[in-house]
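This is a short briefing for a reader who is new to the structure shown below.

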There are 2 protein chains.
Amino acid sequence: MSRTQAEPSEGSLLLDDQLCFALYAASRAVTARYRPLLDELGLTYPQYLVMLVLWEQDSISVRELGASLQLESSTLSPLLKRLEANGLLRRERRAEDERSVAIRLTGEGAALRERARSVPVAIGDAMGLTPEQDALAKQLLRLITANVTDG
Amino acid sequence: MSRTQAEPSEGSLLLDDQLCFALYAASRAVTARYRPLLDELGLTYPQYLVMLVLWEQDSISVRELGASLQLESSTLSPLLKRLEANGLLRRERRAEDERSVAIRLTGEGAALRERARSVPVAIGDAMGLTPEQDALAKQLLRLITANVTDG
DNA sequence: CACGAATAAGTTGCGCACGACTTAATCGGG
DNA sequence: CCCGATTAAGTCGTGCGCAACTTATTCGTG
């Protein structure tokens, strides 16, 4: 038995050779791991990401939010409506530019931050990477994102 | 100026400290990069993954397909219906177990494989990783998936 | 200042993704 | 052999994610 495992060739069509699939599977698995934690906060995973941005910098526009998260207004607009309906934020047209909408946290939205503090720790534990592996993974993922976005 | 950059603490709520966000962003960016290529084949990205599995092993059940891709029947059933409507496969109840449905490629579905050969190469080029980085990324992503799935 | 181009947000349509549930067939212990 | 438990596939409802488009506002150049 000289070869029990095929050499993954450059243009393989085998699912398990595909980095893209490893990425897709990992992303969904991590999101699934977040789900029960975020359920307690009444948030979905994309809503949680929006809240992370707003806790960092309140009163930003939909456009700026989209730039941070790499999401279109067609995704964000309905999502923000749901967060507004849940009492976490308000949306108001900006006086200085009526095209723009400022997203502002309510007291409730700002307060949720404290309850969210434990979430990244719990997820970090679940991922079980060493600090070095974590940093390396982030670095590689950002490199992929940068290379794949644009030319 | 002793510190121009904050040390990302264990429980940071900053978006850019989150590995989960790097993962989510990379996954969507890669899928977006696939889109124009897959459009020419008349496939979405999840449909392409299903076809990868079927090109590897034809005539498998929905359950086996779900195990390979980590997807529920509630996701696969409608997706497979669309692929059937597009003439790429057929679904037929198995005689030996009437609960199970065998997915079989049509001639057209099998033939599409040749047109798909160039896709992984093009994506590999776009990601722009060295073979070592590619292997390392896959390894880390699988580790994350494994750790996060289960206990 | 006028007016076409650009920009911001939102709407619509479609295809995932998944939880909760349903239906139908098979399994397995008493 | 029967009947409750399990299993396979599918339906339904909700929330993304994005392309294509619309509406309203602002910009910029003649």
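This is a predicted model: local features need pLDDT of at least 70, side-chain atom pairs count only at pLDDT 80 or more; totals for chains, interfaces and linings use all residues.

Residues are numbered from 1 along each chain as its sequence is written, chains are lettered from A and ligands numbered from 1 in the order in which they are written, and side-chain values use heavy atoms, with hydrogens and water left out.

**Relation of the chains**

**Helix H7 of chain A and helix H1 of chain B**

- The axes of H7(A) (residues 131-148) and H1(B) (residues 19-41) come within 9 Å and cross at roughly 25° (axes are lines fitted to C-alpha atoms, for helices over the stretch in contact, and angles run from 0 to 180 degrees between N-to-C directions; helices are DSSP runs of H or I with at least four residues, strands are runs of E with at least two, and both are numbered from the N terminus).
- H7(A) is therefore roughly parallel to H1(B) (angles under 35 degrees count as roughly parallel, over 145 as roughly antiparallel, 65 to 115 as roughly perpendicular and the rest as oblique).
- Residues in this contact (heavy atoms within 4.5 Å) include A:Leu141 and A:Ile144 of H7(A) and B:Ala26 and B:Arg33 of H1(B).

**Helix H1 of chain A and helix H2 of chain B**

- The axes of H1(A) (residues 19-41) and H2(B) come within 12 Å and cross at roughly 120°, which makes H1(A) oblique to H2(B).
- A:Cys20, A:Phe21 and A:Tyr24 of H1(A) meet B:Tyr45, B:Pro46 and B:Leu49 of H2(B).

**The sheet in chain B**

- An open sheet of 3 strands has the order E1-E3-E2, with antiparallel pairing (two strands pair if DSSP finds at least two bridges between them).
- E1 (60-61) and E2 (89-93) stand at the edges with a single partner strand each, so one side of each is left without a neighbour in the sheet.
- E2(B) is joined to E3(B) (residues 101-105) by 5 bridges, and B:Leu89 stands opposite B:Leu105.
- H2(B) (residues 45-56) packs on the sheet and touches E1, E2 and E3 of chain B.
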